[in-house]
Amino acid sequence: RASGIGLHIGFLFPFREQGNGEGLFTPYIFRTFMGLEREVHQKSNVLIPISIPIKPGFGETPNAIPPVLLRHELDGVVIMGEVATRSLCHFMHTREIPTVVVDNKESSPASIGVCIDNLGGGRAAAEHLIKQGYPRVAIIRGRQLLSNLPRSDSRERMEGAILAITAAGQTWDANLVVEGDW
């Protein structure tokens, strides 16, 4: 890059044509983007949001690679969630584009990853309620599929809560699970 011009870092996030609150304006993705934007901007770099359409079979075809990546216009990428398919991570690795994957345990071993401890979070939340004296803990579980793709975050949080409930000597009641829309 020319003197005075910072790095161009791509921020790849999922976009779904169906559902509400999906894409960059999903609270989790938006807060992650804004936090990165503050850090990147302070160093005179540029964070470029790139939406990746998610549909069944995503990532298994060459046209799943965004054109901006094919033109080698980025100096690095941050990839959110299920967008980080093995084929996309492999593409970055073969082109030596530094890559950080956020919240996807299935990404390429060549990528650096940051994941949320969903099991620990579910356990901590249930333990807190039990310590507050609540005799029964209900769970609002998120969707099990997103765009027909399985997700593990909701399942792991529920498993963590069940572990805490049974460890406290309480009986787990599956009737206290409510399906949410997150």
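Q: How do you know what α4 should span, and how far apart are its end C-alpha atoms?
A: The rule is 1.5 Å times one less than the number of residues in the helix. For the 14 residues of α4, that should give 20 Å, and the end C-alpha atoms are 20 Å apart, so the two agree. This is a predicted model, where local features need pLDDT of at least 70, side-chain atom pairs count only at pLDDT 80 or more, and totals for chains, interfaces and linings use all residues. Residues are numbered from 1 along each chain as its sequence is written, and side-chain values use heavy atoms, leaving out hydrogens and water.

Q: What makes a stretch a helix or a strand, and how many of each does the protein chain have?
A: Both are DSSP runs: a helix is H or I with at least four residues, a strand is E with at least two, and numbering starts from the N terminus. The protein chain has 5 helices and 9 strands. Along the sequence, the pattern reads β-α-β-α-β-α-β-β-α-β-β-β-α-β.

Q: Which residues of α4 are called buried?
A: Buried means under 20% relative accessible area, exposed means over 50%, and partly exposed lies in between (1.4 Å probe, protein chains only). In α4, N118, G120, G122, A126 and I130 are buried. Their cover includes α5. After α4 comes G133, with a positive phi near 95°.

Q: What does L88 touch, and what makes it a contact?
A: Contact means heavy atoms within 4.5 Å. Leaving out residues up to four places away in sequence, L88 touches L12, I65, P66, L69, I79 and V83. Take L69: its C-alpha is 10.0 Å from that of L88, and the two are 19 residues apart in sequence.

Q: What makes a set of residues a nonpolar core, and how many residues has the largest?
A: The members must be buried Ala, Val, Leu, Ile, Met, Phe, Trp, Tyr or Cys, joined through side-chain atoms within 4.5 Å. The largest core has 15 residues, and those with the most contacts inside it are L12, L69, V77, V83, L88 and M92. Two or more residues each come from β2 (46-53), α2 (67-70), β3 (76-80) and α3 (86-94). The most come from α3, which gives 3. A second, separate core has 11 residues, including I9, F33, V40 and L47.

Q: Why is the pair K43 and E39 called a salt bridge?
A: A salt bridge needs a side-chain nitrogen of Lys or Arg within 4 Å of a carboxyl oxygen of Asp or Glu. K43 and E39 are 3.8 Å apart, N to O, and they meet in a salt bridge. K43 is exposed at 54%, and E39 is partly exposed at 43%. The whole structure holds 4 salt bridges.

Q: What parts does the pair R136 and D173 tie together?
A: R136 and D173 form a salt bridge at 3.5 Å, N to O. R136 lies in the loop between α4 and β6, and D173 in the loop between α5 and β9, so the pair ties parts 37 residues apart in sequence. R136 is exposed at 56%, while D173 is partly exposed at 24%.

Q: Which strands hold E179 and R141?
A: E179 and R141 meet in a salt bridge at 2.7 Å, N to O. E179 lies in β9 and R141 in β6, so this pair ties parts 38 residues apart in sequence. E179 is partly exposed at 44%.

Q: What kind of aromatic pair do F11 and F33 form?
A: Their centres are 5.2 Å apart with 65° between the planes, and the pair is edge-to-face. F11 is in strand β1 (residues 8-15) and F33 in helix α1 (residues 27-42), 22 residues apart, so distant parts of the chain are linked. F33 is buried, as is F11. Ring pairs join F11, F13 and F33 into a cluster.

Note on methods. Phe/Tyr/Trp six-rings, centres within 6.5 Å; stacked < 30°, edge-to-face > 60°.
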